[in-house]
Amino acid sequence: VVLDPGSDRTEVEQRLLEVKGIGPWTTAYVAMRALSDPDVFLDTDLGVVQALRALGVSADAAERWRPWRAYATLHLWSPA
């Protein structure tokens, strides 16, 4: 699997999902970090869920943040 920023995200995700133990969260994280996809949003991540709850915002709000949802994810992970 080629994990360069120019790699096709769909292909990389499909190939990674073939590996036992790798699921959707991991493939999305790889897309965000290794493929530099600026629009990945890890809405099932516990840290993201807790940060959204603390802000009184639902995960649906992330649609407004397109195409930069990965940056929102990083912000939500940062300590308050």
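Leaving aside its neighbours within four places in sequence, which residues is L52 in contact with? L52 is in contact with F41, V57, S58, A59, W65 and L76, where contact means heavy atoms within 4.5 Å.

## Basis of the model

This is a predicted model, in which local features need pLDDT of at least 70 and side-chain atom pairs count only at pLDDT 80 or more, while totals for chains, interfaces and linings use all residues. Residues are numbered from 1 along each chain as its sequence is written, and side-chain values use heavy atoms, with hydrogens and water left out.

## Overall composition

The protein has 4 helices and 0 strands, in the order α-α-α-α along the sequence. Helices (H or I, at least four residues) and strands (E, at least two) are DSSP runs, numbered from the N terminus. The C-alpha trace spans about 40 × 25 × 20 Å along its principal axes. Of the contacts with a separation of 6 or more, 54% are between residues 24 or more positions apart.

Of the 80 residues, 34% are buried; buried means under 20% relative accessible area, exposed over 50%, and partly exposed in between (1.4 Å probe, protein chains only). The 8 positive and 11 negative charges have mean positions 5 Å apart. Lys and Arg count as positive and Asp and Glu as negative, without His and the chain ends; a charge is placed at NZ of Lys, CZ of Arg, CG of Asp or CD of Glu.

## Helix packing around α4

The axes of helix α3 (residues 46–55) and helix α4 (residues 69–77) come within 9 Å and cross at roughly 80 degrees. Axes are lines fitted to C-alpha atoms, for helices over the stretch in contact, and angles run from 0 to 180 degrees between N-to-C directions. Helices α3 and α4 are therefore roughly perpendicular to each other; angles of 65 to 115 degrees count as such, under 35 as roughly parallel, over 145 as roughly antiparallel and the rest as oblique. On the α3 side, G47, V48, A51, L52 and L55 meet T73, L76 and W77 of α4.

Helix α4 also packs with α2, at an angle of about 105 degrees and with the axes 11 Å apart. This contact is made by W25, Y29, M32 and R33 of α2 and by A70, T73, L74 and W77 of α4. Helices α2 and α4 are therefore roughly perpendicular to each other.

## L52 in helix α3

L52 belongs to helix α3 and counts as buried because its relative accessibility is 4%.

## Loop residues

D39 is in the loop between α2 (24–33) and α3, and its relative accessibility of 14% means that D39 counts as buried. Not counting residues up to four places away in sequence, D39 touches R66, P67, W68, R69 and A70. Two of these partners, R66 and P67, are joined by a cis peptide bond with omega of about 0 degrees. P67 sits in the loop between α3 and α4.

S36 lies in the loop between α2 and α3. Although S36 is not a glycine, its phi is positive, at about 55 degrees. With 45% relative accessibility, S36 counts as partly exposed.
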